[in-house]
Amino acid sequence: MGTLIYISSFLLFLIGLYCVVVKNNLIKIIIGIKIMGYGVCLFYIMISYKSNAIAPIVLKDAKNYTDPYPHAIIPAIMAASFAAMILMLATSIRLYEKHKTLDMSKIKELKG
Amino acid sequence: MPRVIKILTNYVIGPIITFGVYIFIFGHLLPGEGFDGGMIVASILILCIIVYGKDEMEKRISVNTAVLISVLSAIIFIIIGFVGMAGLRMEHKYFLDNFLPQGSFSHLFSGGIVPILNILVGFSVAFGFYAIFAYLSEYKTEE
């Protein structure tokens, strides 16, 4: 279990990084950024795993809980990254209206 | 948009909105609360703008309606806070003080005013994000 955490979340992060670096389409770049963010979130969630423990919801006959901190903080991180995604998507719509393309290699003029 | 995405969006709208509403109704029992549930609902609204176009969505939920719902739920939040300040149930008088019965432990109807506040925050965030996205993608400078 120990190494699987690092390998799987790092693999997800690398898939997102590949998408950001290699692809030219703006929408695909945004998807890549989101996948990178989900890789980090998955790392935090899986690092809080404990065997023979339940999710941090208070019940009467439960003794062992996982770490509640990632469960509290990860939704906040996802909400913040969602707000950033709104900004990116709106900007890409405006770019499409101006240049009639989403290909980054064809959008050369960044002035005005 | 390609036809595949339109048809897939039709199937995806219902489950995702249900999931978002579940998150913010069960906000006081499970991880995630009003902000996160509202974010999930807002994501499907934004997907609808991208897939069906701004004009089609303007007929269903206009931007002004979205701003109105968002602001109204924020105002109701503050009003509930001041009702708590009146001290109907207990002697101490704080902002956002609980004035509803607390219910039984770990059930849906428990927690006093917290579920109501979660639902209000959910509506505010969902329609607020929708309005921000619509404004940002539509705004034009005077030339």
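The model is predicted. Chain A has 3 helices and 0 strands, while chain B has 5 helices and 0 strands. The two chains meet in a contact that takes 14 residues from chain A and 15 residues from chain B.

**Chain A as a whole**

- Along the sequence, chain A reads α-α-α. Its radius of gyration is 19 Å, well over the 13 Å that the globule rule gives for 112 residues, so chain A is more spread out than a compact globule.
- The C-alpha trace of chain A spans about 60 × 25 × 15 Å along its principal axes.
- Of the 112 residues in chain A, 10% are buried.
- Among the contacts in chain A with a separation of 6 or more, 47% come from residues 24 or more positions apart.

**Chain B as a whole**

- The pattern of chain B along the sequence is α-α-α-α-α. Its radius of gyration is 18 Å, well over the 15 Å given by the globule rule for 143 residues, so chain B too is more spread out than a compact globule.
- Taken along the principal axes, the C-alpha atoms of chain B fill a box of roughly 60 × 40 × 20 Å.
- Buried residues account for 30% of the 143 residues in chain B.
- Of the contacts in chain B with a separation of 6 or more, 61% join residues 24 or more positions apart.

**Helix H1 of chain B**

- Helix H1(B) covers residues 3-25, which is 23 residues. From first C-alpha to last it reaches 34 Å, close to the 33 Å expected at 1.5 Å a residue.
- A kink of about 35° lies at Val12(B), shortly before the proline Pro15(B).
- The buried residues of H1(B) are Gly20(B), Ile23(B) and Phe24(B). Their cover includes helix H2 (34-52) and helix H5 (114-138) of chain B.
- An α-helix has 3.6 residues a turn, so residues three or four places apart point the same way.

- Helix H4(B) comprises residues 63-86, a run of 24 residues. It reaches 35 Å from its first C-alpha to its last, close to the expected 34 Å.
- Ala66(B), Ser70(B), Ser73(B) and Gly84(B) are buried in H4(B). The buried residues of this helix pack against H5 of chain B.
- Ser62(B) lies in the loop between helix H3 (54-60) and H4 of chain B. Ser62(B) counts as partly exposed because it has 13 C-beta neighbours inside 10 Å.
- Ser62(B) and Ser106(B) are 44 residues apart in sequence, and their C-alpha atoms are 38 Å apart in space.

**The nonpolar core and the contact between chains**

- The largest nonpolar core has 28 residues, of which Ala42(B), Ala126(B), Phe129(B), Tyr130(B) and Phe133(B) touch the most other members.
- Helix H3 (68-99) of chain A gives two or more residues to this core, as do H1, H2 and H5 of chain B. The most come from H5(B), with 13 residues.
- Leaving aside neighbours within four places in sequence, Phe133(B) is in contact with Ile86(A) and Ala90(A) in chain A, and with Ile46(B) and Ile49(B) in chain B.
- The contact between the chains takes 14 residues from chain A. By class, this side of chain A has 12 nonpolar, 1 polar and 1 charged residues.
- In soluble globular proteins, nonpolar side chains tend to be buried together.

How values were computed: Residues are numbered from 1 along each chain as its sequence is written. Chains are lettered from A and ligands numbered from 1 in the order in which they are written. This is a predicted model: local features need pLDDT of at least 70, side-chain atom pairs count only at pLDDT 80 or more; totals for chains, interfaces and linings use all residues. Helices (H or I, at least four residues) and strands (E, at least two) are DSSP runs, numbered from the N terminus. The expected span of a helix is 1.5 Å times one less than its number of residues. The bend at a residue is the angle between axes fitted to the seven residues ending there and the seven starting there. A residue is buried if 20 or more other C-beta atoms lie within 10 Å of its own, exposed if 12 or fewer, and partly exposed in between; C-beta atoms are placed from the backbone. Two residues are in contact if their C-beta atoms, placed from the backbone, lie within 7 Å. Ala, Val, Leu, Ile, Met, Phe, Trp, Tyr, Cys and Pro count as nonpolar, Asp, Glu, Lys and Arg as charged, and the others, Gly among them, as polar. The radius of gyration is taken over C-alpha atoms; the globule rule is 2.2 Å times the number of residues to the power 0.38. A nonpolar core is a set of buried Ala, Val, Leu, Ile, Met, Phe, Trp, Tyr and Cys residues joined through C-beta atoms within 7 Å.
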